[in-house]
Amino acid sequence: MIYLKLFLTFLQVGAFSFGGGYGMISMIRELVLQNGWLTEGELLNMIAVAESTPGPIAVNMATFVGSTQGGALGSLCATLGVILPSFLIILIIAALIKNLLKYAGVKAFLGGVRPCIVGLILATAITLGMNCLLHFKTIGTVPTPDYKGILILAILILLKLLDKKLFQKKLSHIVMILISAFLGMLLYSI
């Protein structure tokens, strides 16, 4: 039954991934591709949409995957699966937070998890970047650069580096997404 499979798959994501939505992307990617629910290209598009819509990226991704596989009920099952572990853990931590942070073991656990989270986010960024910008999926495939995508990335990086000098303040994420969307429409329609 697809609804139970969606719930259990995203329950696994919610229970065993750390670092918030960005830390969950690699696990979601692996499970979604393994189950054949989306292709790599569809997944990249879905990540872009999930990032640019309001709400946590992992919840948006779970909702989208659930929707593609089981409609509204599939969305509900996948979304409940991904948020249930965090919800329960936060309830427990909120009740015990003052007492937990005084233990060296808890501090050591959190200190050990932080580098793992950074590694997961970096690995996901590198994997997605190589796939999106170089169409490099596995060892042995020949990279074929997406020059338009690379140009958009370069423009966005340049704008981000110059944002305080050009605009007297830091560019918001919304403005960066809108600039990216405009550049994508302009360059990919040519």
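What separates Asp-163 and Lys-160 in helix 6?

1. About one helical turn does, because the two stand three residues apart in helix 6 (residues 147-167). Helices here are DSSP runs (H or I, at least four residues), numbered from the N terminus. The model is predicted: local features need pLDDT of at least 70, side-chain atom pairs count only at pLDDT 80 or more, and totals for chains, interfaces and linings use all residues. Residues are numbered from 1 along each chain as its sequence is written, and side-chain values use heavy atoms, with hydrogens and water left out.

2. Asp-163 and Lys-160 form a salt bridge, N to O 3.7 Å. The term requires a side-chain nitrogen of Lys or Arg within 4 Å of a carboxyl oxygen of Asp or Glu. Asp-163 is buried at 5% relative accessibility. Lys-160 is partly exposed at 29%. Buried means under 20% relative accessible area, exposed over 50%, partly exposed in between (1.4 Å probe, protein chains only).

3. The count of salt bridges is two. Arg-29 also pairs with Glu-40, with the closest N and O atoms 3.0 Å apart. This pair links distant parts of the chain, helix 2 and helix 3 (residues 40-52), eleven residues apart. Arg-29 is partly exposed at 23%; Glu-40 is buried at 13%.

4. Helix 2 (residues 20-35) and helix 5 have axes that come within 8 Å and cross at roughly 55 degrees. Helix 2 is therefore oblique to helix 5. Axes are lines fitted to C-alpha atoms, for helices over the stretch in contact, with angles from 0 to 180 degrees between N-to-C directions. Oblique covers what is left after under 35 degrees (roughly parallel), over 145 (roughly antiparallel) and 65 to 115 (roughly perpendicular).
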